[in-house]
Amino acid sequence: PTGLTSDALKKHDALQGLERLEIDDDQSTTDASTFKTFGTFASDYSNCSNMSFGRFLTRFQSSSLIHKEMLAVLAAVTEVIKQNGGTESSTEYFAALMTTLEQADTEESIAAILSLLGMSMKTVSKNVLKHQFSEVSHTFFQVLTKFAGSESFLNIRHCIGCISLLLRAQEAAVWSNSSTLQLLDGILAFTLHAKAKVRKAAQHAIGAILKGSDLMRVDDPPAYHPAASHVAKHCLQQFENAGQPGTITTTLHVLNLLKDVAHQLPKNHVKSICEGLLKIMTLKNVLITSSCLQTFHSLFVSQPSEAVLPAQLNAQIINALYDYQPAPGDTQPTLAWLAVMQEAHCNLVHTSVPLCAANLPRIIEKSTELWLSDKTEVVTGASHTIKALIQVCLPPMCENDSVATANKTTLTKVFQILQQGLKYQFNVAWHHVLHLIAVLFQTAGATCHKELSPILIELANLRDSYKFTYNSEVEYAVGAAVKSMGPEVVLSKIPLQTASGDGIDLKRSWLLPVLKDCVSNSSLAYFTKSMLPLAIMCERKSKEMKENNDNVGSHSYELLNSQIWALLPSFCNNPKDIQENFKDLAKVLGMAISEKKDLRLSVMASLRKLISKSQENNKTGDIETLAKYAKNYMPLLFNIYTIKPNGSDEEGQRLAAFDTIKVYLAITPKEVTGELFDRALEKLQEKEVDEFMKQSVFDLIRIITQFTNRERLEILYQRIVPILMDNKHPKDQKKAYRFLEEICGSSSEVCKEYVLENRKTIQKLIVTATEKVCTTSKGARLRCILHLVENHPKLERTKFLEAIVPEIVLCIKDLNERCRTTAYELLNLIGDKFVDDADNFKYYIDMLVAGLAGTQIYISASLLALAALTYKYNGTLGLTTLKDILSNACILLTGPTREIALSALSYIKVYLSSLPVSIIGPNLDVIIQGLVGMTEDCKRHFRQKVRDILIKLVRKFGTATITAMVPASDEMMHKRLKNIKKIEARKQKAKEEKKSKGKDDDDEAEFNIKRMPKSVDEILADSDEEFDDVEMDDNSSKNKNKNKNVRKTWIKEDEDNIVDFADPTAARNITATNPAATARMDKPKKKDHGFKTNDDGKLIIKDSDDDDSDDDEKTKKKSKKKLPFLGSDSEDDYDKDNDDDDKSVMSMNLKRKRKTSDSDADSIATTRYTAGGIGIHRPVRKAPKIEKVPGAEYRSKKAPGDVKKKGKPDPYAYLPLTRASLNRRKKMKNQGRFKNIVAGAKKGAQIGTKARTKK
């Protein structure tokens, strides 16, 4: 094979700057990989221009014999059509191919013709297929009959496909002819074929005829296809022989067909088929039962009309399926049965709500019984079923009060059944039960307050119980009740107050966070009448307890008070009664803002919530009510913002006040806004105003600006002009620019009109103040320019443009990120204004290119600006302009300045990322020369950025192309390219491995507790894994890979209860899971109590004392596990957990008994176990590691205690700090231990002193 591949040609063309049509992977052939193969190989042999065969021609495989035959036939037919002056229409191809089919004699030719016919018939006129039906059907039937007994399965499949296409085009009247039904019988016969592909083709053809025929796709189609009855009779006929020897496979094939077409059959046949399904399910064959359940599932999930599945029949099937409920321990069949019952009820509720209401409680009760199963998947599957039933079946039964009253009996039963799940016997499934109760509240809470109240009370009792595990789940369920029923109903059943009413029940304090998160659409009146008195009571009790020196109680009630007030924003979330009841709350809120600092955040958040929600919902009455109180609240908020904060808490309140002012100004009356603006200006003019007050007033004036009138705007503008020209006060100048930004960017009509009238004056001011700009003001100034450019009517070639472009470019290098972002936005905005005018756009680009001749920082910034424009406008910039910019960037790249080199590399990287290969190719040598010509300092400093560029070049053009352009003298660059080639090859290999591995991983999906239950096909496919594989021939590797699982079944019974197969419920004892294996898995492990037991069950306890051998002590050290009946650290017994602690104390105790021999002391660190025997005592190559005891090297061999060693630090006995040392009850014991240590130390010191004195 030559190296002239399509990839090589593409790269060559790119280097030459040529543009050719690129082909997709889908259009390239498998074996012939030369460029433009799609237009030369198959197309050279066949000049067919009909689009019906386009897919075949573009995906032609020269290695396929059938493809070669198809190409030859197509070429011959095309030539005949052209010789006869045809137009290569689909009808001409169809006629020619049918003639060729009648004359063909070999299997390969017939297969090729049938395949081409299948392509062309899809576009042939329907009238032609109807008119030629008799002749064409006869030809196809002859072909089908000819190959029916042969092994030419490809011909059979293609012929079935062609017959299906032909039958789909026929009218209803044609189906009354016996010849048409004979043709259909031919396809039906192949639905039972032993070959899977043939069988699937026939089953697909039947489904396509019944569902996809033209007569079923009109605006008002019939209830079912005319051939549906015939198909149903065929299936019923097969059911008659079910159960006889050798008919299991046939029955399974029929069931597979019914899965696709059952919902397309007439109702009288559907009833017979359902009866047949239930009948054959009594055969107790797991495969057949599974397939029957799949058929029922597909019938229900398709939600057929009343003409197919009447509601009465649906209900009858549901009741009949209870007799076929599998055993609870049989996981996969139980999940499949649950899925079928779920879909059956969901379909029934769409056709008849009363019938569904009558049947719903029973399935929910059966599902709740499965919560007692020891299988986690069964418990989860039952919970998913109940959830789906609640969400789908309950809403139509309680959509309003009248409907809920009519279905009260059913709803009450359902609620009671689910309430039973809160009993302790279901505690394993409480996680699911509580979640389902939350779903129940969400679904029925709005209309069934009274019926759901007992559940609410029981939830509260559970939450209040001692050490209840599922607190978060209960709180979630109660939260769902709060959202659906409202806080009034919930708090009436779960009161916060004590029974006497003189305090808050602290056990119920968990309700406060739940209310905060879940209250919405409530009423302000309820908060005022119920919650506010509670807050006042908590505040009073807190003060009383503080006076009585009960600080803990005082603090508790203080926290409760703040928590109750924290509920106010939630009550202000879309309340219904702002107009009626806000007046009762307004004064309390004002007093809280002014007098109670700890409540300010909650109150201000409430005001913001009220205003924002009223604006969102366009409630003009509510807005007017809130606007009336602006004159009261705004001065209070202004005062909070202008007072200097003391600590982070007050700073947070100050910022919250600022946010509240901004929100409130949107609805504040104009006269109030004007008055506030005038007061702020007066405050600014006061001589004694401090800096903090001044800056705060500046902020307030800035946000008031857009809500004031034109005269006040003019006053403000005249005030800020001198500040903009003064660079001695940076803070004031920044505030002034923020004023100007607010005016220029405001959406209010007043500001827009003012800017429009004074645009030139403002532009002149901006240009004049350029030299006086402080660093901190650049961001606000740029945003002013941005707003001016947006609204500029004619920006091109103006002095204003020439003045701002250099400043914008320099700001690209600013330290402030927001300033840099604004600069890039401005560059793109100017580009957007000029992009439609080539001359103006080129003038703009030339302005930026001119910056490459400026100072160092300006060159760097200009390169970055050009990179941004190259990225966005790569299609607008001309090739010449792009080449010039790239050449300049590569020249600058070779300079000694790091800053400029970095910007040049950034431009090259953008250039490579944003432009196509055909444009980059001709300039590739310029880029390589620039990279090679970099200084050693820049190469070393920017080696990673250079590497990124090289990787991009290698990926686009290949390593060989880039290496050839690099001079041989640059050894380092050659090494880098070689290394990059290796890394890229490794990445590609890893990517392919990951891709192939990912396909395998997709099949291994584990059951997820949070996701919806699997479909029936998935559920029943999983059960295959539980059966043993068939032993296949070892010599055949192909057969090894295609082992089929043998389905096994077990009978679940014991000696006393023998299964009666005549009983309809016997199916529950036929299980697909081995009950013996389940029993072994579920057998509880024998609990280790720490001691051995004899045959009689008596404990064997060995005596031990302090004089045990060192080997026993070692055994104790290895056994770190504490006996279960020993007390914890908090008990009075001696703490035996810490052997090191005991040892350190005992080593220091001078009264300790002397050890029996010197060798015993050494044995602790040196004794080895000699291996011998079998099992865990077998000898191993590696000697066991010697465990060295810390401090062993200091131990004396002649006496107890430690000795000093030459050249080593002094020995110390360290006392570990354990939790037991903190136990008050062990205080005296620990003190005694320390006394012994100190006494020993003193005694040793005295002996040493006496010894030195004697010397």
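Me: How many helices and strands does the protein have?
Reply: Happy to start there. This is a predicted model, where local features need pLDDT of at least 70, side-chain atom pairs count only at pLDDT 80 or more, and totals for chains, interfaces and linings use all residues. Residues are numbered from 1 along each chain as its sequence is written, and side-chain values use heavy atoms, leaving out hydrogens and water. Helices (H or I, at least four residues) and strands (E, at least two) are DSSP runs, numbered from the N terminus; the protein has 60 helices and four strands.

Me: What percentage of the 1255 residues is buried?
Reply: Buried means under 20% relative accessible area, exposed means over 50%, and partly exposed lies in between, using a 1.4 Å probe and protein chains only. Of the 1255 residues in the protein, the buried share is 44%.

Me: Among contacts between residues at least 6 apart in sequence, what share joins residues at least 24 apart?
Reply: A contact here means heavy atoms within 4.5 Å. Among contacts in the protein between residues at least 6 apart, those joining residues at least 24 apart make up 69%.

Me: Is T822 buried or exposed?
Reply: T822 sits in helix α43, residues 817-834. Leaving aside neighbours within four places in sequence, T822 is in contact with L782 and R783. Because its relative accessible area is 5%, T822 is buried.

Me: And is T409 buried or exposed?
Reply: T409 belongs to helix α21, residues 408-420. Its C-alpha atom is separated by 9.3 Å from that of A358, 51 residues apart along the chain. Since the relative accessible area is 56%, T409 is exposed.

Me: Is α22 parallel or oblique to α23?
Reply: Axes are lines fitted to C-alpha atoms, for helices over the stretch in contact, and angles run from 0 to 180 degrees between N-to-C directions. The axes of α22 (residues 430-444) and α23 (residues 449-464) come within 12 Å and cross at roughly 140°. Angles under 35 degrees count as roughly parallel, over 145 as roughly antiparallel, 65 to 115 as roughly perpendicular and the rest as oblique. Therefore α22 is, relative to α23, oblique.

Me: How many nonpolar residues are in the contact of α22 with α23?
Reply: From α22 come W430, L434, I437, L440, F441 and A444, and from α23 come L452, I455, L456, L459 and L462. Ala, Val, Leu, Ile, Met, Phe, Trp, Tyr, Cys and Pro count as nonpolar, Asp, Glu, Lys and Arg as charged, and the others, Gly among them, as polar. With no polar and no charged residues, the nonpolar count is 11.

Me: What is the angle at which α37 and α40 pack?
Reply: Y717, V721 and L724 of α37 (residues 710-724) meet T761, I762 and L765 of α40 (residues 759-768). By class, this contact has five nonpolar, one polar and no charged residues. The axes lie 11 Å apart, and the packing angle is about 20°.

Me: Which helices do the buried residues of α38 pack against?
Reply: Helix α38 (residues 730-745) has 16 residues and reaches 22 Å from its first C-alpha to its last, close to the 22 Å expected at 1.5 Å a residue. That expected span is 1.5 Å times one less than the number of residues. The buried residues of α38 include Y737, F739 and L740. Their partners are α36 (691-704), α37, α39 (749-757), α40 and α41 (778-790).
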